[in-house]
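Trainee: I am new to this one. Can we go through it together, one question at a time?

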Amino acid sequence: DIEGLQSAMRTMPQASFTTRHYFANGMYCRELVIPKDCLLVGKVHKHEHLCLLIQGEITIVSDGSRHRLKAPVIFVSTPAVKRAGYAHEECIFVTVHRTHLTDLKQIEREIVEEDETALFECNELKLPEITA
């Protein structure tokens, strides 16, 4: 139950992440450095996008499936997927989204589902195949 985990995590000390943003011809790239031994829960995205694990090793859990990934790994993330992860070592995780926007607040509104339950209620989830 990722939502339950996320709720419990809100009461715990929060980690600091280094985040870098890149823009190129209709693309937005977000690079996240995840510290070793960090547990995190991702946001629900509205659109299909690319995910790249460039460095490190992480276990990702989504809808009952668990995958331990060791860099380098690239996969396509489908919309409406909620994930939790545990970094076994420091990781660099990158997502790539299609958008012509460059304002981070506008991008967030465009690509992230504000009401995370909305997509779960109206879509049948199709989890991407993640292989390492």
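Trainee: Which residue of strand 6 is the bridge partner of V61?

Mentor: A caution before the answer: this is a predicted model, where local features need pLDDT of at least 70, side-chain atom pairs count only at pLDDT 80 or more, and totals for chains, interfaces and linings use all residues. Residues are numbered from 1 along each chain as its sequence is written, and side-chain values use heavy atoms, with hydrogens and water left out. Strands (E, at least two residues) and helices (H or I, at least four) are DSSP runs, numbered from the N terminus. In strand 6, V61 bridges to R66.

Trainee: How many bridges join strand 5 to strand 6?

Mentor: Two strands pair if DSSP finds at least two bridges between them. Strand 6 covers residues 65-70 and runs antiparallel to strand 5. The hairpin they form has two residues between the strands, and D63 there takes a positive phi near 50°. The bridges between the two strands number six.

Trainee: Which residue of strand 8 is the bridge partner of V61?

Mentor: Strand 8 spans residues 84-87 and pairs with strand 5 in the antiparallel sense, over four bridges. There the partner of V61 is A84.

Trainee: Is strand 5 largely enclosed or largely open?

Mentor: Buried means under 20% relative accessible area, exposed over 50%, and partly exposed in between (1.4 Å probe, protein chains only). Five of the six residues of strand 5 are buried, so the strand is largely enclosed by the rest of the structure.

Trainee: How many residues does the largest nonpolar core have?

Mentor: Such a core is a set of buried Ala, Val, Leu, Ile, Met, Phe, Trp, Tyr and Cys residues joined through side-chain atoms within 4.5 Å. I34, L53, I58, L69, F75 and F93 have the most contacts inside the largest one. Elements giving two or more residues to this core include strand 5 (57-62) and strand 9 (91-98). The core's residue count is 14.

Trainee: Is F23 buried, partly exposed or exposed?

Mentor: F23 sits in strand 1, residues 18-24. Beyond four places in sequence, it touches Y28, L101, T102, L104 and I107, where contact means heavy atoms within 4.5 Å. Its relative accessible area is 37%, so F23 is partly exposed.

Trainee: Where is P72, and which residue does a cis peptide bond join to it?

Mentor: Most peptide bonds are trans. P72 lies in the loop between strand 6 and strand 7. Its cis bond has an omega of about 0°, and the residue joined to P72 is A71.

Trainee: What is the phi of N25?

Mentor: Most residues other than glycine have a negative phi. N25 lies in the loop between strand 1 and strand 2. At 77% relative accessibility, N25 counts as exposed. Its phi is positive, near 40°.

Trainee: What is the phi of D37?

Mentor: D37 is in the loop between strand 2 and strand 3. It is partly exposed, at 48% relative accessibility. D37 is not a glycine, yet its phi is positive, at about 65°.

Trainee: How many helices and strands are there in the protein chain?

Mentor: From the N terminus on, the elements run α-β-β-β-β-β-β-β-β-β-α-α. Buried residues make up 38% of the chain's 132 residues. The element count is three helices and nine strands.
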